[in-house]
Structures are given as structure tokens and as C-alpha cells.
Amino acid sequence: MNRIDFSPYRRTMVGFDRLFDMIENQNRANTGDKYPPFNIERRGQDAYRITLAVAGFKPADIDITAQANLLVVKGNKPEESAEGEMLHVGIAQRGFERRFELADYVRVDGADLADGLLVIDLVREVPEAMKPKKVAIGGNGLTVIDGGESATAAA
């Protein structure tokens, strides 16, 4: 059994309980079905792309739900009667559900289905209030640190 013991870290790291719970739950969830296959790609510092192989599914057959820190992709294939007798069925026609845990401030930017691939673009947008700020000693304002450039914000 592949179980990681996070108890030494839980004792010394305050506020990371959610992270450890996510890792433990993901390990349990990954033991099941591997359908449909997918890729996760980093496209920039704050841009990501998830690509799922969903051959045979139409846009109407797929439901994408984004909520706080969770992206759920479901596919429900309606029953279609084949014209003739099927001798071999090798193309998966079953429904699926894939769940992706998202980091804080990651939102879905768009989705597209083409050539049997469902592409979901994600963007991380950190709110202005959460960005790191430099505090000037003896100054009367904060300077927001943003990719090497800075903008002054009144405090």
C-alpha cells in the first residue's frame, strides 16, 4: 500500500491541512478509472491548458462545471443504435467524469472541442489585495510588486 504519512509535516506547518487532505484524497482517487486520457500543460507563468481525448463526443454530450478550487468534466454519451451488427467495439462510448483540483485564484478562461480533443484553458488571476507589496520605511504608501515592475498604491 502506497500511503504517505504527513503527520510530521502537519505538526509543524500551520494552515496547510487542506493541501495535505487534497494530496491524500487525490492518491485514493487515482487508483480507479483512467478514462479519458488527458494532458496538463503550462502555457505561461499564469496560464494552463488541460486537454482530454474525448473521441466520439459532441459538445452537447460534455458538461464542464467550474466551482471554487474544483473543475469537473462530465461526458454522457446517448445510446445510439448502430446500423448493422457490431462485431467489435473498440472505441469507448461510455460516460465519464474527471475532477481537477484547482489552486486558489485559478479560473476557466475557455473551452473548445475539435478533432476529438477537449481543450480547457485556465488562468491564474491573483487579486490586487493578495499581491506582495513593498513597504517603504518612513514612506506613506505601498508599492505593489508585479513581474519586476512596480505600481504605487495608496494605503
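1. Let's start with Arg49 and Asp121: the two form a salt bridge, with their closest N and O atoms 2.7 Å apart. Arg49 sits in strand β2 (residues 47-53) and Asp121 in strand β7 (residues 117-124), so this contact ties together parts that are 72 residues apart in sequence. Asp121 itself is partly exposed, at a relative accessible area of 22%. Bear in mind that this is a predicted model.

2. Next, have a look at Lys77 and Asp61, whose side chains meet in a salt bridge at 3.9 Å, N to O. Lys77 is in the loop between β4 (70-75) and β5 (96-101), while Asp61 is in the loop between β2 and β3 (62-67), so the pair ties together parts that are 16 residues apart in sequence. Both residues of this pair, Lys77 and Asp61, are buried.

3. For the overall tally, the structure holds seven salt bridges, among them Arg49 with Asp121 and Lys77 with Asp61.

4. Away from the charges, Tyr9, Met13, Phe16, Leu19 and Ile23 make a nonpolar surface patch of about 430 Å². Phe16 is in the loop between α1 (7-12) and α2 (17-29). With 36% relative accessibility, Phe16 counts as partly exposed.

How values were computed. Residues are numbered from 1 along each chain as its sequence is written. This is a predicted model: local features need pLDDT of at least 70, side-chain atom pairs count only at pLDDT 80 or more; totals for chains, interfaces and linings use all residues. Side-chain values use heavy atoms; hydrogens and water are left out. Patches are made of residues with over 30% relative accessible area and no salt bridge: like charges are joined within 9 Å, nonpolar side chains (Val, Leu, Ile, Met, Phe, Trp, Tyr) within 5 Å. Accessible areas come from the Shrake-Rupley method with a 1.4 Å probe; for residues, only the protein chains shown count as cover. A salt bridge is a side-chain nitrogen of Lys or Arg within 4 Å of a carboxyl oxygen of Asp or Glu. Helices (H or I, at least four residues) and strands (E, at least two) are DSSP runs, numbered from the N terminus. Buried means under 20% relative accessible area, exposed over 50%, partly exposed in between (1.4 Å probe, protein chains only).
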